[in-house]
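Okay, thanks for coming, everyone.

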Amino acid sequence: MKLEPFYITGKKDTLAVRLDPQTGRMSFEGESYPENALEFFAPITKWIQAYMSEVKGAIVADFKLQYFNSSSSKCLLDIFELLENHFRQGHSVVVNWHYQEDDEDIEESGRDFAEDLSLQINMIAYE
Amino acid sequence: MSINTGEQKSDLGTLFHGSVPVTGDLVGERLFPGEVSAIRHAKELLSEEGAVDSDSWREAFAQLLDHYGHMLRYAKKITSLSDSAHRKLLKMRESLTGRNQEIQSQQDALLKLNRELERAGVTDALTELYNRRYVYHYLPGDAEAVIRAYQSHEGEMPENQDLIFLMIDIDFFKEINDRYGHIAGDRVLKQIAAVLQGCCRRGDIVARWGGEEFLIIHREANRLHARELAERVRRAVAEASFFVEDDESIACTCSVGFSAFPILPNFPRRFSWLDTIQAVDLMLITAKRSGRDCWVGMDANPDMAEQLKGGFALPKLQSYCREGAVRLHMSGNRAEGI
């Protein structure tokens, strides 16, 4: 079965997510504080797991987040764990963490995600 | 590790506390299914009857350790991430509060400016008396209140409810300007403004009507006192001395035209406050023609209200006078009629 591209438009409290099986590009953008973060992220982690086991390709993941609540951060940690495992299995994984220039808190969050991982995370400031 | 976000139900409470059964949605299990299943496995091992081989213990223990370490890393990161998110929200709140205060103080400044502009808009810049705009803006309300007072006193006339209008013009003012210059003229106007204010009570209106023309409106006054009020103004100006230089002062006189509003007490709506202005203007002109430094006033005969219709243009006024519907009052015996 062929893995379909995954696409969700962003809402006030949920991320815009684009997952492309062709290029291995994954992007997460916006704010995340839904009622039920587990429910929102479940199909996303499922898709990523499928990509890793079926396509077994390279990944470029872009995170451009402004705010996320605690349960969303748990789900994001799961995604980072998947990326780390994929990387350790010898695949190319590039992670870009975008933060607004003067947003120290989101910048620090990126460093928190990067901590303890062998995976490199590029910190990219935008205006 | 396994990521399992499916809807699993389990008795997490019994896993931790032994005998207490827990039912319902267990967020802990949904958030950390791997950890919960490791605990469940160890628990099962503990409850098994008879001997359990050491490899099984070792395996369960290693699994627990692994999950425990994983949980610790997650706990640490989630704590730090939550702190960051919380800090960010607090900063936003702080900046919003600051912004709000800024807006509030801008609003206060605008309100203050607005009040100042409003005041400036109805104030004569030179004399700081009210200007014409003030009169046009506020007098209709005053006049209406007076009319109502008259209408609510059927039969007997109310006391001290009249507005008394005095139109005042400084005699030969042009000569002051020509002789001493406009700066000196302005200086005299300011002093005259002060003299006129000295003739009034708080609540009366003193306005600069034109160049050297002033309007006084006495409120809550009695028409029977109109002549005294006019004479008071005439005398106050005539008796004052006005500085044109720091060491030089001159004398001035003024002419006054006056009348009371409502012009017809028994028909208070017959003539408007603007008609009254028109009437006192003509009275002032009459005073000027009568030789200046004097006053001329008028009142209407309430018994001839029938004849009094159609404003106070000069020809009308002349015919009112001929018919006796309007009587003029003149200071001294200077007046020569209209």
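**A walk through the two chains**

Let's start with one lysine: K288(B) is buried, because its relative accessible area is 18% and the cut-off for buried is under 20%. Before I go on, keep in mind that this is a predicted model.

So where does that lysine sit? K288(B) is part of helix α9 of chain B, which covers residues 273-289. Leaving out residues up to four places away in sequence, K288(B) is in touch with D169(B), I170(B), D171(B) and S255(B).

Now let me zoom out to chain B as a whole. Chain B has 338 residues, and 43% of them are buried. If you take the contacts in chain B between residues at least 6 apart in sequence, 66% of them connect residues at least 24 apart. As for the surface, chain B exposes about 19200 Å², with 52% of that coming from carbon and sulfur atoms.

Next, the place where the chains meet. Together, chain B and chain A bury about 2300 Å², and carbon and sulfur atoms account for 52% of it.

On the polar side, there are 16 residue pairs in polar contact between chain B and chain A, counting pairs with both residues at pLDDT 80 or more.

Between chain B and chain A the count is six salt bridges, while the structure holds 26 salt bridges over all chains. I've picked out a few of them.

Within chain A, R25(A) and D62(A) form a salt bridge, with the closest N and O atoms 2.8 Å apart. This pair links distant parts of the chain: R25(A) is in strand β3 (residues 25-32) of chain A and D62(A) is in strand β4 (residues 59-68) of chain A, 37 residues apart.

The side chains of D103(A) and K88(B) meet in a salt bridge at 2.5 Å, N to O. D103(A) comes from the loop between β5 (93-100) and α3 (104-114) of chain A, and K88(B) comes from helix α4 of chain B. Both D103(A) and K88(B) are buried.

There's also a network of salt bridges, and it links E104(A), D105(A), E108(A), R87(B) and K91(B).

For contrast, look at a pair inside chain B. D178(B) forms a salt bridge with K174(B), and the closest N and O atoms are 2.9 Å apart. D178(B) and K174(B) are about one helical turn apart, because they are four residues apart in helix α6 (residues 173-180) of chain B. D178(B) and K174(B) are both exposed.

Last topic: backbone details in chain B. The peptide bond from F261(B) to P262(B) is cis, with omega near 0°. P262(B) belongs to the loop between β6 (254-261) and α9 of chain B.

Which residues other than glycine have a positive phi? I have two to show you, N160(B) and F172(B). For N160(B), phi is near 55°, and the residue is in the loop between α5 (132-152) and β1 (162-170) of chain B. N160(B) has a relative accessible area of 35%, so it is partly exposed. For F172(B), phi is near 50°, and F172(B) is placed in the loop between β1 and α6 of chain B. F172(B) has 45% relative accessibility, so F172(B) counts as partly exposed.

That's what I wanted to show. Happy to go back to any of it.

Notes:
Residues are numbered from 1 along each chain as its sequence is written. Chains are lettered from A and ligands numbered from 1 in the order in which they are written. This is a predicted model: local features need pLDDT of at least 70, side-chain atom pairs count only at pLDDT 80 or more; totals for chains, interfaces and linings use all residues. Side-chain values use heavy atoms; hydrogens and water are left out. Buried area is the accessible area (1.4 Å probe) that two parts lose on being put together, summed over both. A salt bridge is a side-chain nitrogen of Lys or Arg within 4 Å of a carboxyl oxygen of Asp or Glu. A polar contact is a pair of N or O atoms within 3.5 Å; within protein, one must be able to donate a hydrogen and the other to accept it, and residues adjacent in sequence count only if both atoms are side-chain atoms. Buried means under 20% relative accessible area, exposed over 50%, partly exposed in between (1.4 Å probe, protein chains only). Contact means heavy atoms within 4.5 Å. Accessible areas come from the Shrake-Rupley method with a 1.4 Å probe; for residues, only the protein chains shown count as cover. Helices (H or I, at least four residues) and strands (E, at least two) are DSSP runs, numbered from the N terminus.
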